Amino acid sequence: MNTNQELVNSASSVNTSMLISTSNTNSLASSSSNSATSPTTLSRYENQKRRDWNTFGQYLRNHRPPLSLSRCSGAHVLEFLRYLDQFGKTKVHNQLCPFYGHPNPPAPCPCPLRQAWGSLDALIGRLRAAFEENGGKPEANPFGARAVRLYLREIRDSQSKARGISYEKKKRKRPPQLQHSPALLQAPHPPSN
C-alpha cells in the first residue's frame, strides 16, 4: 500500500470516528433528556434509527450552505449517500478489473471500497421512518423520492454484477398446509328420526 492510500485510509477512519462521536454526543444529549420521561430501553433498530437521523442532521448542518430539513430533497439524499461511500468497506470491482464478477477474488486489487447496497437500503428505510416520526409528511419524504429508489436499484444491480453476488429477493417460506382427505372433511351426521 502506498503512502497516499494510507493517508486516505487514516483520514477516512478519523472522519468516520468524528462523525460517529458527534452523532453519539448528540444521541447522548437527547437520550439523557428523554431518560427522565421514558425509562423504557429502545430496541437495536430504534437506536440505530436515532443515530442515523442524528448523522443526517449533522450532515445537513455541515452542508455548504447549511440546509434545513424542510428544504431537503431527494437530490440531497443522493449527495449524502455518495458522501457515505468514502467510509464503505465493501470491495466493488471496476469493469476493467480481472476479478469483476468474482464473489471471492484470489488476490488483492486496487478497486474502491464502497458502501454495500444492503447497508444503504437499510439506512434509507430507517431514515424514511425517522423522517415521518419527526413530523415529516409521507408525501414530502425525501428518502422515498423516486430518484433515491432508482439510485438504490442501480447500486444493487451494479454491485451484483461487480461482486458476482445475486441480490434476489428472498422468498418467504409458507407454513406447510395440512392435506385434508375427503373422509375427514365429511363429519358423520347423527341419524335423523
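**Close-ups of charged side chains**

At 33% relative accessibility, Arg114 counts as partly exposed (buried is under 20% relative accessible area, exposed over 50%, partly exposed in between, with a 1.4 Å probe and protein chains only). A quick note on the views: this is a predicted model, where local features need pLDDT of at least 70, side-chain atom pairs count only at pLDDT 80 or more, and totals for chains, interfaces and linings use all residues. Residues are numbered from 1 along each chain as its sequence is written, and side-chain values use heavy atoms, leaving out hydrogens and water.

**View A. Arg114 meets Asp85 in a salt bridge.** The N to O distance here is 3.9 Å (a salt bridge is a side-chain nitrogen of Lys or Arg within 4 Å of a carboxyl oxygen of Asp or Glu). Arg114 sits in strand 2 and Asp85 in the loop between helix 3 and strand 1, so the pair ties together parts 29 residues apart in sequence (helices, H or I, of at least four residues and strands, E, of at least two are DSSP runs, numbered from the N terminus). Asp85 is buried, at 16%.

**View B. Glu46, Lys49 and Glu133 form a salt-bridge network.** Glu46 and Lys49 come within 3.2 Å, counting their closest N and O atoms. They're three residues apart in helix 2, about one helical turn. Lys49 is buried at 3% relative accessibility, while Glu46 is partly exposed at 27%.

**View C. Arg156 pairs up with Asp157.** Their side chains make a salt bridge at 3.4 Å, N to O. Arg156 is partly exposed at 27%, and so is Asp157, at 36%. Across the whole structure, a search turns up five salt bridges.
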